[in-house]
Amino acid sequence: MRKILFFIAFSYTAAFAQPKTYSTTNAHSHNDYQQSAPLYSAYSLGFGSIEVDVMLANDELLVAHTQRDIPQRRLLEEIYLKPIQGYIQTNKGYPYADTSRTLILMLDIKSDAIPTLNKIIDVLQKYPELTRTRNFKVLISGNKPDPNTYISYPSFVVFDGLLSNRYSKEAMGRIAMLSDNFIAYSNWKGNGPIPPKVVERLKKLIDRAHELGKEVRLWNVPDFDDAWSKVIELGVDYIDSDSIKALASFLKKQQQKTS
């Protein structure tokens, strides 16, 4: 009986371990709106996750990091929601032509959490392709409501949790990803190895997240090849980068090595 239980536990853990082969499905376009072609650049590279800062101003959802960005009036619907809806329509219910691929739109809320999230929900209800497509998720990050209230929100939005936090079973049921700030663990800039104690601590947290069935992302990791290799070794599921073309090239080489 003990052998059977061990096999079941091992199988469950292995199911959420890091993928053997990384591709741009594992790539996260950090602050995507700063790219020369927001959404399109990362999407054309096949990125699995795209992040955009959002603020609520004058009852509009704007792509903005601070109040200084508001006068530009870059509408979330125009830059992200409508184009993604178009991709899903073109691909007959999938975000990518390759129906095995998934896409996350991470909305990093920079204004007050509850009114902004309520507005996001209201707007998303205008886009049934976005709320009903299994291979597409809207992930709420940044300013968020109390985790104990996550269960009260519609199932078409999920939440970004903090890797180092503990959550109730109910809250964890609505959390799709566990993220954390690499700088909170180490000031490693890419010179030499990451200190062993840092590796041990992060690996333990990442393994625990995988045992819970959650995907993992670290932000503020140095943005170049050696650092990306290190986070792959740690077992993260999404590699965070502003240098999306360089990351796509790196991941292509990773695929070739493992194929």
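The largest cavity of this predicted model is lined by Leu218, Val221, Trp228, Val231, Val236, Tyr238, Ile239 and Asp240. Two elements each give two or more residues to that lining: helix H8 (225-234) and strand E9 (238-241). E9 supplies the largest share, three residues. By class, the lining has seven nonpolar residues, no polar ones and one charged residue. The cavity holds about 40 Å³ of space. The count of cavities of 30 Å³ or more comes to one.

Helix H7 covers residues 196-211. Its 16 residues should span 22 Å at 1.5 Å a residue, and the end C-alpha atoms are 22 Å apart, so the two values agree. Which residues of H7 are buried? They are Val198, Leu202, Leu205, Ile206, Arg208, Ala209 and His210. The cover over these buried residues includes strand E7 (175-181), strand E8 (215-219) and H8. H8 also contributes to the lining of the largest cavity. After H7 comes Gly213, with a positive phi near 80°.

Val216 sits in strand E8. Is Val216 buried or exposed? Its relative accessible area is 0%; buried means under 20%, so Val216 counts as buried. Leaving out residues up to four places away in sequence, Val216 touches Leu163, Met177, Leu178, Ile206, Ala209, His210, Val236, Asp237 and Tyr238. Among these partners, Ile206, Ala209 and His210 are also buried residues of H7. Ala248 is 32 residues from Val216 in sequence, and their C-alpha atoms are 19 Å apart in space.

Asn181 belongs to strand E7. Setting aside neighbours within four places in sequence, Asn181 is in contact with Trp219 and Asn220. Leu162 lies 19 residues from Asn181 along the chain, with 8.8 Å between the C-alpha atoms.

**Helix H3**

Helix H3 runs over residues 76-90. H3 has 15 residues. From first C-alpha to last it reaches 20 Å, close to the 21 Å expected at 1.5 Å a residue. The buried residues in H3 are Leu76, Tyr80, Leu81, Ile84, Gln85, Tyr87 and Ile88. Lys92 follows H3, and its phi is positive, near 55°.

**Salt bridges**

Side chains of opposite charge can pair when their charged atoms come close. How many salt bridges does the count come to? The count comes to nine.

| Pair | N to O distance |
|---|---|
| Lys126 and Glu77 | 3.0 Å |
| Lys82 and Glu78 | 2.7 Å |
| Lys203 and Asp207 | 2.9 Å |

Take the pair of Lys126 and Glu77, joined by a salt bridge. Lys126 lies in the loop between helix H4 (113-124) and helix H5 (128-132), while Glu77 lies in H3, so this pair ties together parts that are 49 residues apart in sequence. Lys126 counts as exposed, at 52% relative accessibility.

Lys82 is partly exposed, with a relative accessible area of 37%. Glu78 is partly exposed too, at 44%.

Lys203 and Asp207 both lie in helix H7 and are four residues apart, about one turn of that helix. Lys203 counts as partly exposed at 29% relative accessibility. Asp207 counts as partly exposed at 30%.

Which residues do salt bridges with shared partners join into one network? They are Glu51, Asp160, Arg217 and Asp240.

Key:
Residues numbered from 1 in each chain as written. Predicted model: local features only at pLDDT ≥ 70, side-chain atom pairs only at ≥ 80, totals over all residues. Heavy atoms only, no water. 1 Å grid on protein atoms, 1.4 Å probe; cavity = no way out; pocket = protein on both sides within 12 Å on 5 of 7 lines; lining within 4 Å. Points joined across faces, edges and corners; volume = space filled by probe spheres on them. Nonpolar A, V, L, I, M, F, W, Y, C, P; charged D, E, K, R; others polar. Expected span 1.5 Å × (residues − 1). Buried < 20%, exposed > 50% of the residue type's maximum accessible area, 1.4 Å probe, protein only. Contact = heavy atoms within 4.5 Å. Salt bridge = Lys/Arg side-chain N within 4 Å of Asp/Glu carboxyl O.
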